[in-house]
Amino acid sequence: AGRGGGLAVHLVSSVGVFPIGLSAKAPFPEQAPLQDGNLLRIGYFQSKWCAEKLAEQARERGIPVSIYRPGFISGDSRTGAESDSQAQLYGAFLGGCLRMEAAPRVDKVLDLLPVDFVARAIAAISLTSEAIGRSFNLRNPNPMAQRDYYAHLRALGHPLREVAYPRWRERVLALDPTGDNT
């Protein structure tokens, strides 16, 4: 329900609508109009950016739109279960690293959010009258440095070397897409 009992639109987007790492503007404010869409290089984030621009236009026309921007959604916090779409990108990345026994040496942060946390947060926020017409960046309050994550995997027994990103990328591109790299 929206203001005055009317309906509201609730859009689940992504923090990927911000050119994180490509813009001097950080952190990205929740309520500021979107900018710098031309800096986005991944089609998924470009499409989310376009959807948000349409939502901004709807707001300008008086339609109450709430936008929720989660970080990277991971598996369930209790079981680790994840959907096929969740597993595709991150699972492919992790599986490739483990298969190659190598990971890119990067100073990035993993902003992983368990899917059940995201679902509960969106449900709770969307039921408040304060949510109507606002945007919310849903981020992990304690993100993990990617290199710390690799160290954790090594502690679990996975032989994982860190290599320079260009070298790692070359190795990934040389992988057999069927997964048969013997």
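## Ground rules

This is a predicted model, in which local features need pLDDT of at least 70 and side-chain atom pairs count only at pLDDT 80 or more, while totals for chains, interfaces and linings use all residues. Residues are numbered from 1 along each chain as its sequence is written, and side-chain values use heavy atoms, with hydrogens and water left out.

## The chain as a whole

The chain holds 5 helices and 9 strands; helices (H or I, at least four residues) and strands (E, at least two) are DSSP runs, numbered from the N terminus. Read from the N terminus, the elements follow the order β-α-β-β-α-β-β-β-α-β-β-α-β-α.

Of the 182 residues, 35% count as buried. Here buried means under 20% relative accessible area, exposed means over 50%, and partly exposed lies in between (1.4 Å probe, protein chains only). As for contacts (heavy atoms within 4.5 Å), among those between residues at least 6 apart in sequence, 74% join residues at least 24 apart.

## A parallel sheet and its helices

Three strands make an open sheet in the order β1-β2-β7, with parallel pairing. Its edge strands are β1 and β7, each pairing on one side only. From one strand to the next, the twist averages 15°. Two strands pair if DSSP finds at least two bridges between them. Strand β1 (residues 9-12) is joined to β2 over 4 bridges, with V9 partnered by V65 and V12 standing opposite Y68. On to β7 (residues 135-138): 4 bridges join this strand to β2, and Y68 has F136 as its bridge partner there.

Helix α1 (residues 43-60) lies across β1, β2 and β7 and runs at about 155° to β2. Helix α3 (residues 115-126) also packs on the sheet, touching β1, β2 and β7, and its direction makes about 160° with that of β2. For these angles, axes are lines fitted to C-alpha atoms, for helices over the stretch in contact, and values run from 0 to 180 degrees between N-to-C directions.

## Inside strand β2

Strand β2 (residues 65-70) has 6 of its 6 residues buried, so it is largely enclosed by the rest of the structure. V65, I67 and R69 point one way, S66, Y68 and P70 the other way, and all are buried.

## Two loop residues with positive phi

D36 sits in the loop between β1 and α1. Its phi is near 60°, a positive value in a residue other than glycine, and at 22% relative accessibility D36 counts as partly exposed.

E101 belongs to the loop between α2 (84-100) and β4 (102-105). The phi of E101 is near 55°, again positive in a residue other than glycine, and E101 is partly exposed, with a relative accessible area of 36%.

## The second largest pocket

A pocket is an open set of points, on a 1 Å grid over the protein atoms alone, where a 1.4 Å probe fits, with protein on both sides within 12 Å along at least five of seven lines; lining residues have an atom within 4 Å of a point. The second largest pocket holds about 160 Å³ of space, where grid points are joined across faces, edges and corners and a volume is the space filled by probe spheres set on the points.

Its lining consists of S74, G75, E82, Y90, L94, L112 and Y149. These divide into 4 nonpolar, 2 polar and 1 charged, counting Ala, Val, Leu, Ile, Met, Phe, Trp, Tyr, Cys and Pro as nonpolar, Asp, Glu, Lys and Arg as charged, and the others, Gly among them, as polar.
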